[in-house]
Amino acid sequence: MYRAVTGHRETHFTGSETVGDIVIGMSDGLTVPFALAAGLSGAVASGHVVLIAGIAEMAAGSIAMGLGGYLAARSAHDSYVSERAREEREIDEKRDAEVQEVRDIFAGYGLAGEPLEAATQAIVGRRATWVEFMMKEELGLDEPDPRRALRSAVTIGLSYVAGGIIPLAPYATRLPLTQALLVSVAVTLVALFVFGALKGRFTGTPVWSSALQTMLVGAAASGVAFLIARAVSGAGGA
């Protein structure tokens, strides 16, 4: 989501948390099932087996990734609540020291003399404002959205599934296993390149660099998995 400020026009991206969740889910969803399918293609003779194993991994992976996102968001919220409670205690128990911290923060912005004291008293005059000020300016913490944990879990999980469908789709066709592997490689590398470009666009990193890096990481992961599976399969048949 982009926000424009009336008068002085500024454009800022404000959906970084959601984009971050999508990036986490999609990148793993594209890469892990892709590597698994490629690896199995070097060890089994049936595209159906690859598809079933891929679907099982995609289901388990999406749940695990979603749960990880949920726990991370809950941990961030719990940490904020704990730090806020500590800050409130310090304001009550160490008032003079906390007032001086407010004064030091404003002094760091260049205030001095009466403007410095006026700004300091304006903050410490209201306890709730004081606590909020210290959380942001001293600790650099913003209050997390309490609904973020569930939203993050769902976003990551669905993004993982969306990414995993791409490399597995060719195995659902009637193509021979070798051809299905080649189609999977082609469509997944294209998807990784496009996804990397979009990721770079939204995160502010160079688009081409992000696209190539994302594609090469996915290609390397699948290539290693394929070679390991082929080696293990060959050793087992020896």
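This is a predicted model: local features need pLDDT of at least 70, side-chain atom pairs count only at pLDDT 80 or more; totals for chains, interfaces and linings use all residues.
Student: New topic. How many helices and strands are there?

Tutor: Eight helices and two strands. Starting at the N terminus, the order is β-β-α-α-α-α-α-α-α-α.

Student: Let's look at helix 2 and helix 5. At what angle do they pack?

Tutor: About 125°, with the axes 10 Å apart. Helix 2 covers residues 47-93 and helix 5 covers residues 127-137.

Student: Why is helix 2 called oblique to helix 5?

Tutor: Because angles over 145 degrees count as roughly antiparallel and 65 to 115 as roughly perpendicular, the packing angle of about 125° makes helix 2 oblique to helix 5.

Student: Is the crossing left-handed or right-handed?

Tutor: Helix 2 passes helix 5 in a right-handed crossing.

Student: Which residues make the contact?

Tutor: From helix 2, they are Tyr80, Glu83, Arg84, Glu87, Glu88, Ile91 and Asp92. Helix 5 contributes Arg127, Ala128, Trp130, Val131, Glu132, Met134 and Met135.

Student: How does that contact split by class?

Tutor: Seven residues are nonpolar, seven are charged and none are polar.

Student: Back to the whole chain. Of contacts between residues at least 6 apart in sequence, what percentage join residues at least 24 apart?

Tutor: That share is 68%.

Key. Residues are numbered from 1 along each chain as its sequence is written. Side-chain values use heavy atoms; hydrogens and water are left out. Axes are lines fitted to C-alpha atoms, for helices over the stretch in contact, and angles run from 0 to 180 degrees between N-to-C directions. Helices (H or I, at least four residues) and strands (E, at least two) are DSSP runs, numbered from the N terminus. Angles under 35 degrees count as roughly parallel, over 145 as roughly antiparallel, 65 to 115 as roughly perpendicular and the rest as oblique. A crossing is left-handed if the near helix is turned anticlockwise from the far one by less than a right angle, and right-handed if clockwise. Contact means heavy atoms within 4.5 Å. Ala, Val, Leu, Ile, Met, Phe, Trp, Tyr, Cys and Pro count as nonpolar, Asp, Glu, Lys and Arg as charged, and the others, Gly among them, as polar.
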